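Here is a short report on one protein model. Look at the structure first, then read on.

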Amino acid sequence: MISTNFNTYTNILETKFTEFVTLKEVVDYIRVTKNNQEYPRHLTIMTDAKFAIFDFSIHDVETIISENEQSLEKYDSITDAIVVVDPKNTAISILYKDFAKNPKYNFNVFSTTHSAEAWLLNN
């Protein structure tokens, strides 16, 4: 399951991945974000996936990257921090980071919320 909240105080899109997260849910989340006209065009995202189980494989990363590329067409930049602790989720996230290269996209993987927040504040 994916839930979001745009924090107007921090100007950060707070996203939570919980339970089983499917490829369809990730694609739908990216599309909703892409089509949201109210988010700032320099979007900052904090994704908490500590309690998620990615129910997709490394082979699905290409689909996620493709959707994200389309989303980036609507933004000046996106800075995205994801917090993961599960080894499989970490591997998929790092693979995604290695392949999701776009000058408008800054993505990083963390094991703690504190380190992710610090990184977001410095970007």
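The largest cavity has a lining of 21 residues. Phe17, Val26, Ile64, Asp80 and Tyr96 lie nearest its centre. The model is a predicted one, and the count comes to one cavity of 30 Å³ or more. The space in the largest cavity is about 300 Å³.

Which elements supply at least two residues each to the lining of the largest cavity? They are helix 1, strand 3, helix 2 (61-72), strand 4 (77-83), helix 3 (87-99) and strand 5. By class, this lining holds 15 nonpolar, five polar and one charged residue.

Now turn to the largest pocket. About 240 Å³ of space lies in the largest pocket. Its lining includes Thr10, Ile12, Glu14, Thr15 and Lys16.

The table sets out the residue classes of the two linings.

| Lining | Nonpolar | Polar | Charged |
|---|---|---|---|
| Largest cavity | 15 nonpolar residues | five polar residues | one charged residue |
| Largest pocket | four nonpolar residues | three polar residues | five charged residues |

The structure holds four salt bridges.

Five strands form an open sheet in the order 1-2-3-4-5, and the pairing is mixed. Why is one side of strand 1 and of strand 5 left without a neighbour in the sheet? Strand 1 (2-7) and strand 5 (105-110) stand at the edges, and each has a single partner strand, so one side of each has no neighbour there. From one strand to the next, the twist averages 15 degrees.

Strands of a sheet pair through backbone hydrogen bonds, either parallel or antiparallel. Strand 1 and strand 2 (residues 12-22) run antiparallel, joined by six bridges.

Where does helix 1 lie? Helix 1 (residues 23-35) lies across strand 1, strand 2 and strand 3 (42-55). Helix 1 runs at about 160 degrees to strand 2.

Technical notes. Residues are numbered from 1 along each chain as its sequence is written. This is a predicted model: local features need pLDDT of at least 70, side-chain atom pairs count only at pLDDT 80 or more; totals for chains, interfaces and linings use all residues. Side-chain values use heavy atoms; hydrogens and water are left out. Two strands pair if DSSP finds at least two bridges between them. Helices (H or I, at least four residues) and strands (E, at least two) are DSSP runs, numbered from the N terminus. Axes are lines fitted to C-alpha atoms, for helices over the stretch in contact, and angles run from 0 to 180 degrees between N-to-C directions. Contact means heavy atoms within 4.5 Å. On a 1 Å grid over the protein atoms alone, a cavity is a set of points where a 1.4 Å probe fits but cannot get out, and a pocket is an open set with protein on both sides within 12 Å along at least five of seven lines; lining residues have an atom within 4 Å of a point. Grid points are joined across faces, edges and corners, and a volume is the space filled by probe spheres set on the points. Ala, Val, Leu, Ile, Met, Phe, Trp, Tyr, Cys and Pro count as nonpolar, Asp, Glu, Lys and Arg as charged, and the others, Gly among them, as polar. A salt bridge is a side-chain nitrogen of Lys or Arg within 4 Å of a carboxyl oxygen of Asp or Glu.
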